[in-house]
Amino acid sequence: MNSAAFTNTGSGFKDPEKLSFERDWIRRAVLASYWIVIILAFPFWWHLTSIERLALPTSQVRSQLQSNIIFPIAIHFDASISQQNPSLNSQVQTLLHDSAINEPGRWRGVDIRLQDRDDEVASSLYTVALGGQTSITHSRNLRVNRTDAQSATRLSSILSDLIAPPESGTSHSQRVVQYSDHYRLAFTLLNEDATLNRFVATWDVQAALAEFIYPLMSQLSILHNFTVESQVQYHAPLAFEPRRATLGDTEVSGLTQEDLTVFINSAEWTLASSVSNEPVLHFVLFVPSETHSPMNIIDSEGRPINQSSFLLPQWGSIFILNNELNSSSSHLSYNDLKPVFRNFATQLAALLGVPPVPLGLSMEGSFLSDWQLDALLRHRALQNVQGSQDTLHSIIKLVDQINNMPVGQVVRDDVLDALASLHEAYRTAETSPALALRWSSKALSMASRAFFNPGMLALLYFPAEHKYAVYTPLFASISVPLVVALIREFMAWKRGSQDNGRR
């Protein structure tokens with residue numbers, strides 16, 4: 001009777017008693033066990049598939065965009081200069097102020113003041129004194145001759161070039177390598193073809209490094225750590241055929257500007273002798289084969305120029321060895337390497353962004369002055385601070401735009417460490433550009449590590465729609481029979497209760 005009543009209803013569901021031979025309580029217990037497992041497993045599934053999204057210090061990051069690192073600089077005019085022109089101090093101050101207004105990018109982060117020696121600490125004080133000729137020294141002193149000492153325009157121009165060196169357009173930024181606290185310098189002697197007459201087997205590289213490279217590295221150690229390696233290769237063919245050109249009565253192999261851009265044959269040359277994640281700067285001494293010797297760089301009109309080396313931006317330098325090679329010897333002595341490594345030292349300084357000495361000035365001592373080092377420290381610290389601010393702001397924008405992007409504790413700690421390092425860079429900039437550079441470098445490292453965290457990058461290419469595409473085929477085939485069975489049992493139980501009530 002109950003079965004007939006259930007079948008005649010318009011529900012469309014069949015009587016469960018006709019579908020199986022188990023007792024009602026057994027069938028319902030089996031169905032309930034499935035749902036109990038699902039309900040108990042749901043919290044675990046939710047926890048394992050949920051995204052950890054911690055709050056980031058958004059307000060602090062955005063406020064950083066309005067903050068600037070400031071390097072206070074004091075310039076003291078010696079009494080020998082002030083006595084000649086009492087108003088020189090105010091005139092130079094006005095000209096420097098006008099220059100800062102007209103070129104704000106060049107003077108960014110520099111707060112320059114002309115005042116007495118006792119007003120500032122020694123680390124930020126520069127002295128201008130009267131001397132025999134206009135020159136700079138390593139003790140942050142500028143000596144000017146009597147003619148320059150009487151001209152406020154000339155003095156302001158010299159001080160501007162020393163404190164805020166101008167960048168020569170986009171070529172300067174493209175040439176200088178990105179800042180890193182560690183570089184690997186690779187010096188390679190490259191034989192194009194190890195034939196009898198043009199073969200170099202050994203070279204006094206250690207003596208040349210000690211004379212020209214190590215002193216420069218020592219002065220730049222406040223900014224970078226260096227690892228030096230050297231090697232000799234005996235077969236390095238060019239990927240192109242140089243064109244022939246005439247130099248006087250001699251026929252030479254000419255390298256055009258287009259040839260210089262593809263001079264490095266990466267497919268067949270193995271210049272890196274070790275595997276490392278550190279940036280590598282290459283310095284190649286190239287020995288042309290007997291067929292291509294001598295080899296010269298030619299201008300747009302096909303005429304050879306008096307230049308044996310060229311620089312590849314952010315990569316390194318190449319020196320072509322021609323007349324310096326003695327065909328009767330397969331060894332390059334220290335005297336043979338002098339012009340080569342003198343050029344390498346100059347190119348290394350250019351690649352690292354060392355500002356040149358202004359025209360018309362001589363420098364006491366060798367290699368770099370404190371004026372150049374301080375300017376480089378300030379410039380690199382400014383770059384690091386700007387890079388840190390941009391990276392942190394990009395993280396905030398990315399997290400706001402992608403709702404399902406995870407933000408774990410590691411990312412949050414890196415962002416907080418980057419902000420703390422930026423605050424320390426601002427604080428130490430008042431007393432020590434070197435400490436400011438160190439903190440700014442740490443800030444950039446922490447910000448970059450947070451941005452490239454593997455946990456954040458994973459979901460950039462796995463949006464929510466992909467989850468639905470994965471889970472729908474899996475759960476639909478399971479959930480539909482269980483839901484239908486549950487509805488069927490509920491309606492059977494309800495119908496049975498009504499029939500028992502009528503009895």
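This is a predicted model: local features need pLDDT of at least 70, side-chain atom pairs count only at pLDDT 80 or more; totals for chains, interfaces and linings use all residues.
Local features need pLDDT of at least 70 and side-chain atom pairs count only at pLDDT 80 or more, while totals for chains, interfaces and linings use all residues. Residues are numbered from 1 along each chain as its sequence is written, and side-chain values use heavy atoms, without hydrogens and water.

**Overall make-up**

The protein has 16 helices and 16 strands. Both are DSSP runs numbered from the N terminus: helices are H or I with at least four residues, strands are E with at least two. Of its 503 residues, 42% are buried. Buried means under 20% relative accessible area, exposed over 50%, and partly exposed in between, with a 1.4 Å probe and protein chains only. The accessible surface comes to about 26600 Å², and carbon and sulfur atoms hold 55% of it. Areas come from the Shrake-Rupley method with a 1.4 Å probe; for residues, only the protein chains shown count as cover. Among contacts between residues at least 6 apart in sequence, 79% join residues at least 24 apart. A contact means heavy atoms within 4.5 Å.

**Helix α9**

Helix α9 spans residues 205-219 and has 15 residues. Its first and last C-alpha atoms lie 20 Å apart, close to the 21 Å expected at 1.5 Å a residue. That expected span is 1.5 Å times one less than the number of residues. The helix bends by about 45° at I213, and the proline P215 follows within four residues. The bend is the angle between axes fitted to the seven residues ending at a residue and the seven starting there. I213 itself is buried, as are V205, A208, L209, F212, L216 and M217. The buried residues of α9 pack against β6 (182-191), β7 (202-203), β8 (225-233) and α11 (334-351).

**The five-strand sheet**

Five strands form an open sheet in the order β8-β6-β11-β14-β13, with mixed pairing. Two strands pair if DSSP finds at least two bridges between them. β8 and β13 (309-312) are the edge strands, each with a single partner, so one side of each has no neighbour in the sheet. Neighbouring strands are turned by 15° against each other on average, direction ignored. Helix α11 packs on this sheet and touches β6, β11, β13 and β14 (316-320). Its direction makes about 150° with that of β11. Axes are lines fitted to C-alpha atoms, for helices over the stretch in contact, and angles run from 0 to 180 degrees between N-to-C directions. In β11, seven of eight residues are buried.

Why is β3 (residues 125-130) largely enclosed by the rest of the structure? Five of its six residues are buried, so the strand is largely enclosed.

| Strand pair | Bridges | Residue pair |
|---|---|---|
| β6 and β11 (280-287) | Eight | F187 and F283 |
| β11 and β14 | Five | H282 and G316 |
| β1 (71-77) and β3 | Four | F77 and V128 |
| β3 and β5 (141-144) | Four | A129 and R143 |
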